[in-house]
Amino acid sequence: MIKEDIEKYEKAGKIAKEVRDYAREIVKPGMILLEIAKKIEDKIYSLNASPAFPVNLSIDEIAAHYHPNIDDKTMAKGLLKIDIGIHIDGFIADTALTLDLTQDRIHKKLIEATELALDNALKSLAKNPSLHEIGSIIQETIESKGFSPIINLSGHSIEKYEIHAGLTIPNYGNNNNQKLTDGVYAIEPFATTGEGKIYEGNPGNIYSIINMKNTRSPHTRKMLDYFYKKYQTLPFSLREAQEKFGVLARLSLKELETSKIIQSYAQLIESSKKPVAQAEHTFIKSDNSIIIITK
Ligand code: MN
Ligand code: MN
């Protein structure tokens, strides 16, 4: 990887860390998720970066992919995962933290288990492990604390303007003996007191463009152009569509989804409806060195 690209990733990572620290500081039980989302977004723009996806604010058994819409009254409570993506000219940093907004000791232990699993996985990178070995480390760490990893959620490779760029880094010891080549990756263990699988639930109010082509209605076309120019194929929120394009936004998004121009992301729900914790960092592997950009 060339030096200029590494520097952009490092800059995105540094901002991601700053935004994560900010989120940890401002979020309190009972705060409206909408307000949290806006504050985090404002913070990202104030640091001269852009969101790589709408901040995910997922409570308890919702493992990921929830973003409040414009009139959402949902309040912060329970085990809250805050998943933040930052990009600078398409160079992405992806990081997450989990806050326990209860007094439940199990929640604290669940958070510790994901953080330790992430730490152990990152430490193992120096020995050039296979994907199987990374997954095993995550699984064993989480299971040793008495919890289950979520096996159908995983870390991933990252490329310019592409958050999930093809390769997955498992959260359990699968049978992939492939090793990581030079590139950018996120590792993101999820742990739960439940059975450790997720299913797709209600819409999470997040979309992305999958096939940029013409659409008939001028209003819809205008909205599509706006999102393509701003995010290319990176995810965007129903909320931003509602803020910029008013009450017709939801209908226009439906039209684009039906024409298979955009896709909608569903909330990812733990199948036994048990609480989920998540931790995540992004790193660069280049010339046998590992740089964790979000730490
Ligand atoms: Mn993430
Ligand atoms: Mn990720």
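Reader: Asp94, buried or exposed?
Author: Buried. This is a predicted model, and in it Asp94 has a relative accessibility of 2%. The cut-off for buried is under 20%, so Asp94 counts as buried at 2%.

Reader: And which metals does Asp94 bridge?
Author: Asp94 bridges the manganese ion (ligand 2) and the manganese ion (ligand 1). The two ions lie 3.2 Å apart.

Reader: What are the protein donors of ligand 2?
Author: Asp94 (OD), His156 (NE2), Glu188 (OE) and Glu280 (OE). They lie 2.1 to 2.2 Å from the manganese ion. The spacing of these donor residues in sequence is D-x61-H-x31-E-x91-E.

Reader: Where do Asp94 and His156 sit in the chain?
Author: Asp94 is in strand S4 (residues 91-100) and His156 is in strand S6 (residues 155-158). The pair is 62 residues apart and links distant parts of the chain. His156 also counts as buried, at 2% relative accessibility.

Reader: Changing topic. How many residues of S14 are buried?
Author: Six of its six, for a strand that covers residues 281-286.

Reader: Which residues are on which side?
Author: His281, Phe283 and Lys285 are on one side, with Thr282, Ile284 and Ser286 on the other. Side chains in a regular strand alternate between the two faces of the sheet. Both faces of S14 are covered.

Reader: Which residue has a positive phi in the hairpin of S14 and S15?
Author: Asp287, near 50°. The hairpin has two residues between the strands.

Terms used:
Residues numbered from 1 in each chain as written. Chains lettered and ligands numbered in written order. Predicted model: local features only at pLDDT ≥ 70, side-chain atom pairs only at ≥ 80, totals over all residues. Heavy atoms only, no water. Donors = N, O, S within 2.8 Å, 3.2 Å for Na, K, Ca; no water. Helix = DSSP H or I, 4+ residues; strand = E, 2+ residues; numbered from the N terminus. Buried < 20%, exposed > 50% of the residue type's maximum accessible area, 1.4 Å probe, protein only. Pairing = 2+ DSSP bridges.
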